[in-house]
Amino acid sequence: LNDAEKEEVKQEVNDIFLKFIYTLKSSDADLILLDEIVDCFNLKLLNEEDFLSCINKNNNCELVLTGRNPSQKILDIADYVSYISSKKHPFNEGITARKGIEY
């Protein structure tokens, strides 16, 4: 991605983050899945400290965070940590990510 595209993606991620905060604080959701959010932290698209300051383990909403290489802070606050390993994946056959499947 060029710099303009990176900035556009960063803005999209931050817009989604604001929707997440609103949903977390204003709804009675039992579960929120934040797919690949750890990668957003690692790519500096979203500030991890800002995220951590917004979550509250005292509410009744389960948060599911996915992504590779979570920080120790994320690991420390998690109730569950799972690692998934690939046995077979289309990427290994040269098939790139497909809209609606991998993203």
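**Around Asp-39**

Reply: Asp-39 counts as partly exposed, at 22% relative accessibility. Here's the scale: buried means under 20% relative accessible area, exposed means over 50%, and partly exposed is in between, with a 1.4 Å probe and protein chains only. Before we go on, this is a predicted model: local features need pLDDT of at least 70, side-chain atom pairs count only at pLDDT 80 or more, and totals for chains, interfaces and linings use all residues. Residues are numbered from 1 along each chain as its sequence is written, and side-chain values use heavy atoms, with hydrogens and water left out.

So where are we? Asp-39 is part of helix α2. Helices (H or I, at least four residues) and strands (E, at least two) are DSSP runs, numbered from the N terminus. Leaving aside residues up to four places away in sequence, Asp-39 touches Gly-67 and Arg-68, where a contact means heavy atoms within 4.5 Å.

Asn-69 deserves a stop of its own. You'll find Asn-69 in the loop between β2 and α4, and at a relative accessible area of 63% Asn-69 is exposed. Its phi is near 55 degrees, a positive value in a residue other than glycine. Most residues other than glycine have a negative phi. Glu-36 also has a positive phi without being a glycine, near 65 degrees. Glu-36 sits in the loop between β1 and α2, and it is partly exposed at 36% relative accessibility.

Now zoom out a bit. The protein has four helices and two strands, and reading along the sequence you get α-β-α-α-β-α. Helix α2 (37-42), where we began, is among the elements that cover the buried residues of α1, together with β1, α3 (48-54) and β2 (62-65). Those buried residues of α1 are Val-13, Phe-17, Phe-20, Ile-21 and Leu-24.

What about the cysteines? Cys-40 is buried, at 16% relative accessibility. Its sulfur is 15 Å from the closest cysteine sulfur, in Cys-54, which is too far for a bond. Cys-61 is in no disulfide either, with the sulfur of Cys-54 being the nearest at 13 Å. Cys-61 is buried too, at 13% relative accessible area. The structure holds zero disulfides, a disulfide being a pair of cysteine sulfur atoms within 2.5 Å.

There is one salt bridge, though. The side chains of Glu-49 and Lys-73 meet there, at 2.4 Å from N to O. Glu-49 belongs to helix α3 and Lys-73 to helix α4 (residues 72-77), so the pair ties together parts that are 24 residues apart in sequence. The term needs a side-chain nitrogen of Lys or Arg within 4 Å of a carboxyl oxygen of Asp or Glu. Glu-49 is partly exposed at 41%, and Lys-73 is partly exposed at 44%.

Last stop, the outside. Leu-31, Leu-33 and Val-64 make a nonpolar surface patch with about 260 Å² of accessible area together. Patches are made of residues with over 30% relative accessible area and no salt bridge; like charges are joined within 9 Å, and nonpolar side chains (Val, Leu, Ile, Met, Phe, Trp, Tyr) within 5 Å. The areas come from the Shrake-Rupley method with a 1.4 Å probe, and for residues only the protein chains shown count as cover. Leu-33 lies in strand β1 (residues 31-34) and is exposed at 51%.

For the whole protein, 19% of the 103 residues count as buried.
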